[in-house]
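Me: Hi! I'd like to go through this structure with you, a bit at a time. Can you start us off?
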Amino acid sequence: MKLAGLSTRSAGLLLAGGLLAPLAGAFYLPGIAPHDYKSGELVELQVNSLTPSLNAENKLESVLSFGYYDDRFHFCRPEGGPKAAHESLGSILFGDRIYGSVFDLHMLKDTSCQVLCKQTIPGKDAAFINDKIMKGYNYNWLIDGLPAATVKVDDRTQDQFYSVGFELGSSLAGQLVPHFHNHYDITVQYHTLDEVHHRVVGVVVTPASKHTEMPKDGGDVSCDAAEPMNLHEDRDNQVVFTYSVKWVSSDKSWATRWDAYLHAVDPRIHWFSLINSMVIVVFLSAMLGLILMRTLRKDIARYNSEDAEDLQEDFGWKLVHGDVFRPPQRFELLSVILGSGYQLFWMVVTTLVIALLGFLSPSSRGSLTTAMLLLFIVYGFSAGFNSAHLYHSFGGLSLKRIIITTALFVPGICWVVMMVINLCLAATHSSAAAPIGTLLGVMALWFAISIPLTICGAYLGFRRKTIDPPVRVNQIPRQIPDQPWYLKPIPSALMGGILSFGAIFIELYFIMNSIWFHKVYYVFGFLFLVFTILVITTAEVTVLLTYFHLCAEDYRWHWRSVYTAGASAFYVFVYGVLFYFSRLRLASYASLIIYFGWMAIACFLFFILTGTIGFVASHMFVRKIYGAIKID
């Protein structure tokens, strides 16, 4: 999942998911048809923003991307200015800025040492470029939708694979001034269909640093200079940009051309993640089965017994039957959170199903983000329906109030944080800053589609029959006895959250890598299974802790179930902090704000999602057990 510069994450049967898992990377979005080129036909090379990667110390020093045609880079521009390519909404929001270029490539036409242009780079801009070289910035080019790549070798298997992007420059240990890559050897692999038509199936760029000089007599330029191109920060630098193109025939078909890019470092890690998660599920299922099949069955049989002596000795969860369905405090906020949780749940489920069916091709940049955003907007109906229904069932009377709160609470918080992040990006002149027109377009989608759907859903949910409790609620609340330390809010939530987090933390590593290191994430089959296990684990943990609280005569299960299940978001944030200290070394306050801002949004949404799963499971459990006993 490459989240387009940032580039962050469904329920179903485990067996079906396992069968679909191998197919996750083999399908392509219908409608993206291959382009058949004839010999000599122009093949466009597009340029994208420069993005940071790991530096020489294997650390990421920045999360800021910069446009290829940023004036400080002084790259060669087409006559009349670069023309922007058509991009998806998700691609724009997460930093892609794709333009045409001055490169002149023609199918099957090899070229050698072609001059792009000669530029003068002042010392101030040389310092900027050198800084980006030291931080490991990469070029990002596209040919026929395929990213230009660097060939790397897997240390474990010795297999070659393509790593997206190639270095802006190089810096060796002890080298005072880095080398600036101003020459590009472009190798384009093509597959021949017939004598006339050919398709692009691979792009590899080998950059080089060459202190090339233009001949004074106007003759041909030589690209054989041995001296590297160093940019001096105390004076102007004359830089000649050159390139060569080589076309190589390949047996690789167009349908499998992404296979070299979608390289799994070690697939066994994903399987270990699944086995680890399934062990947790089996353990929790065994505990839950023990409680439901033995303890609860005995409790219900005893409570329904006609022996009066047994009834006098009863204690535990039956004693709070008159309070367990009492509306919780701040039930309006709870209803809004749960409604938004339903919205997120169906968005995730639908996105994963679409990805499993192969409708989110890596060829369509930003398609994953676009799909998630549009589905979140459409499922505003679910948020309105469920929040209004719960709100009315709790005794709420103001339909207008619940509509406004549902429509603005979660999207509003995310929007404010995103605006802070966007301001930081704009202040640093990063190309990832979303344009004003795009932001206005997102707001238009919000107000024109999401809010009307929320209103319609809330109106129907408010009119739906309320959820009546299976037992009568007492007028006077029962006094809650002192709770043992492990059942107090913070310890119980931390215990519950760590089990849910344990089911996902290995896969979370790959997701974080794909987001911050601009890797292509494609194992949606594994992600589907991990999400399924997360849902099961969260539901089981919350039901167990809800049962323990009820046995301790604490009937305040509504909010407890939400933050017990949602506590896994706290561990996700802690993981993000550890990931920062182990893999990142951000040098600017803007990068820190951007990193932790996105982590805050992700953890906030994860809290709402898992909290809703926990509440729904606990609600079903509580209604089931109290509906099974006889109440005098």
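Reply: Happy to! Arg-77 and Asp-71 meet through their side chains in a salt bridge, 2.8 Å from N to O. That term means a side-chain nitrogen of Lys or Arg within 4 Å of a carboxyl oxygen of Asp or Glu. This is a predicted model, where local features need pLDDT of at least 70, side-chain atom pairs count only at pLDDT 80 or more, and totals for chains, interfaces and linings use all residues. Residues are numbered from 1 along each chain as its sequence is written, and side-chain values use heavy atoms, leaving out hydrogens and water.

Me: Is Asp-71 buried or exposed?
Reply: Asp-71 is exposed, with a relative accessible area of 58%, while Arg-77 is partly exposed at 40%. Buried means under 20% relative accessible area, exposed over 50%, and partly exposed in between, using a 1.4 Å probe and protein chains only.

Me: How many salt bridges does the structure hold?
Reply: It holds 15 salt bridges. Another one joins the side chains of Arg-365 and Asp-96, at 2.9 Å from N to O. Asp-96 is buried, at 4% relative accessibility.

Me: Which residues are linked in a network of salt bridges?
Reply: Asp-131, Lys-132 and Lys-135 are. Asp-131 is partly exposed, with 29% relative accessible area, whereas Lys-132 is buried at 6%.

Me: New topic: what does Asn-130 touch?
Reply: Leaving out residues up to four places away in sequence, Asn-130 touches Val-177, Pro-178, Leu-231 and Glu-233; contact means heavy atoms within 4.5 Å. Asn-130 is buried, with a relative accessible area of 3%.
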